[in-house]
Amino acid sequence: MPTAARPFAHHGIAFGCDYNPEQWTAEVWDEDIRLMGEAGVDLVAINIFGWSHIEPRAGEYDFRVLDDVIGRLHAAGIRVNLGTGTASPPAWLALSHPEILPMAEDGTRRFPGGRQAWCPSSAVFRAAALRLVEAVAGRYGEHPAVALWHVSNELGCHNALCYCDESAAAFRRWLEAKYDNLDALNAAWGTAFWSQTYRQWDEILPPRATISTRNPAQVLDFHRFSSDELLSHYGAEADVIRPLSAAPVTTNFMVTAHIENLDYWSWAGEMDIVANDHYLDHRLADPTAELAFAADLSRGLGGGAPWILMEHSTGAVNWQPLNKPKQPGEILRNSLTHVARGADGVCFFQWRASVQGSEKFHSAMLPHAGTDSAVWREVVELGAVVERLAEVAGTRVEARTALVFSWESWWATQTESRPSQALGYLDQVHAAYGALHALGLTVDIVAPGADLADYALVVVPGLHLIRAGEAAVLTDWIAAGGTAVVTFYSGIVDQDDRVWTGGYTGPLREALGVRIEEFAPIAPGAELQLSDGSTSTLWSERSHATTAEVVASFADGPSAGSPAITRNTWGDGTAWYVGTLLEPGAFRDLLGRIADETGVRPAATVRGGDGALEIVRRRGTDASYLFVVNHGRASASAEASGFELITGMPVTGDVDVPGGAVRIIREEAAA
Ligand code: GLA
């Protein structure tokens, strides 16, 4: 959890963007700053990719342009989120030190010419980066415009896993610190298998490409090591900044679909404020639900504290197979979904659309079309709305439901050899979260082993890797009266990727009252019938209920007759188990029934609507704020009274939320 040693002090909700003035001339900067004023921009991230501009040759600094830009922004009352500039090393560094370049698992180096071409364990890179940070923080550390430090950029976006010799040596040091001796490492990795026993530390390599499948415990530890290496890079930059500046320090996380390499549970405590970048992923079945999930996870990383949406887009990105623009009004809806879910800042990548470089077809606040464009008008409208939400800043989201999320389970689920290659951790998480989202329930995302005392309902999707202590937290909480829903492929391995024996789900088995003997996944696209008339995909298992009541069983397929959905009384609580991937409607209905029984409800009663609705309450000391975002076309109405901040009107009883609209009601009386 963040220490929040240095609070991010800002008036209201920050509104801003990445700004890359080095791509433009001074005349353009004047227009930029004038238009930023028009849009209400008050926080601008600069110098993210500045290295080759401010250090054109080794040890030779040129801050003239950066001085000028920071001065202009400051004069216009715009605060600076100052990049350390180390994200993308300059060409001279790679030429003089090619050993900094990252190596892929097949032993080939990656060339410069893109960005982030550096090995996280490279001592040469680290030293060069820290020299730059010292120069930047020394120059601007006390500048009144600097509101926040932005270390590097999306650490590990491209270079999280490096397999070079220097990384191998660092991996060995990390392993020695973890295991102390080779007997412990051999035991943890199960190296008795395939004659892999290590007798000297030097024999150990990163899990480079092998002729057959790799040791999954080695792969798991390499993930942990790689996440720690980049966190150590963050810490090293932050340590240089802190004595030179009183401003808070953070970096932009990538809590977004498909980015799996950093265990942000271990990172978040090093941030003064959590910041996240989020882009809608149109490859997913439900991108809007995933947006809500990412926002809830960003809040969870900070232990519920407000966080900053450091980047999102006004329209299409440039890196998906099909890059879709946003629907009319979607910029507002998506931005305010993040705010509803705890963001105290709404920023975009980027300010002005590039006309050159590989991101020239990425949307921006100021598009190629200029100010005579729908995107610009929506940006200006959003800026005005954000301004009206100042009083929401600092308030906290209320939730009675939690979902347990684990990067370690993600890594351990997706090893090379698994029961079905179609089995993905995130798919299970998204399915469970999507069902809760469709029900309008507010969800906190928590780490395995987190204290669950604040929750009535806890959902545990596919928690493949679980430590005995983490399982005990969950089962003790159930016994004390909680209701949990655990889904398949949970409780399969321990922290060393060693199978829990005696029948799956290992340390959860007794509390769930079901014993699984054998997995029986089915082909992608195939469907299973359940005894209650619903259908499911992907997974079945041969099991029997020990103490649980069978709510539905497999009616066909390889596990016909085995329980598919069970419910067990455990102490004063209830433990549900779902041994298949229910089709979305059935999953939603099941979780809806469980939520009803548990007394968990949406933050307000909302009627109508024909699409997803966000219904979230943020509570402060003097007032609470009910957010209702209507992603559909049909009108919805919410039971609420108070003052509506977007229309500026008092409301009593029933608040109309037209299709595509957002309403934010200040509820003065306790809700
Ligand atoms: C990331 C990066 C930005 C930009 C965007 C494009 O978020 O931090 O520099 O590349 O992706 O979507």
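Helix α1 (residues 26-39) and helix α12 (residues 374-388) bring their axes within 8 Å of each other and cross at roughly 55°. That angle makes α1 oblique to α12, where angles under 35 degrees count as roughly parallel, over 145 as roughly antiparallel, 65 to 115 as roughly perpendicular and the rest as oblique. Axes here are lines fitted to C-alpha atoms, for helices over the stretch in contact, with angles running from 0 to 180 degrees between N-to-C directions. Helices (H or I, at least four residues) and strands (E, at least two) are DSSP runs, numbered from the N terminus. On the α1 side, L35, E38 and A39 do the touching, and they meet W376, V379, V380 and G383 of α12 (contact means heavy atoms within 4.5 Å). Five of these residues are nonpolar, one is polar and one is charged; Ala, Val, Leu, Ile, Met, Phe, Trp, Tyr, Cys and Pro count as nonpolar, Asp, Glu, Lys and Arg as charged, and the others, Gly among them, as polar.

All of this comes from a predicted model, in which local features need pLDDT of at least 70, side-chain atom pairs count only at pLDDT 80 or more, and totals for chains, interfaces and linings use all residues. Residues are numbered from 1 along each chain as its sequence is written, and side-chain values use heavy atoms, with hydrogens and water left out.

F171, L175 and Y179 of α6 meet A184, L185, A188 and W189 of α7, and the contact counts seven nonpolar residues, no polar and no charged.

Then there is the ligand. Among the residues around it are F49, N153, E154, D277 and H362 (a heavy atom within 4 Å is what counts). Oxygen atoms of the ligand pair up with polar side-chain atoms at 3.0 Å for R115, 2.8 Å for W319 and 2.3 Å for E359; a polar contact is a pair of N or O atoms within 3.5 Å. The protein covers 97% of the 310 Å² of accessible area that the ligand has on its own, by the Shrake-Rupley method with a 1.4 Å probe.

F349, one of the ligand's neighbours, is joined to Q350 by a cis peptide bond with omega of about -5°. E154, also beside the ligand, has phi near 40°, a positive value in a residue other than glycine.

Note on methods:
Polar contact = N/O pair within 3.5 Å; in protein donor to acceptor, adjacent residues only side chain to side chain.
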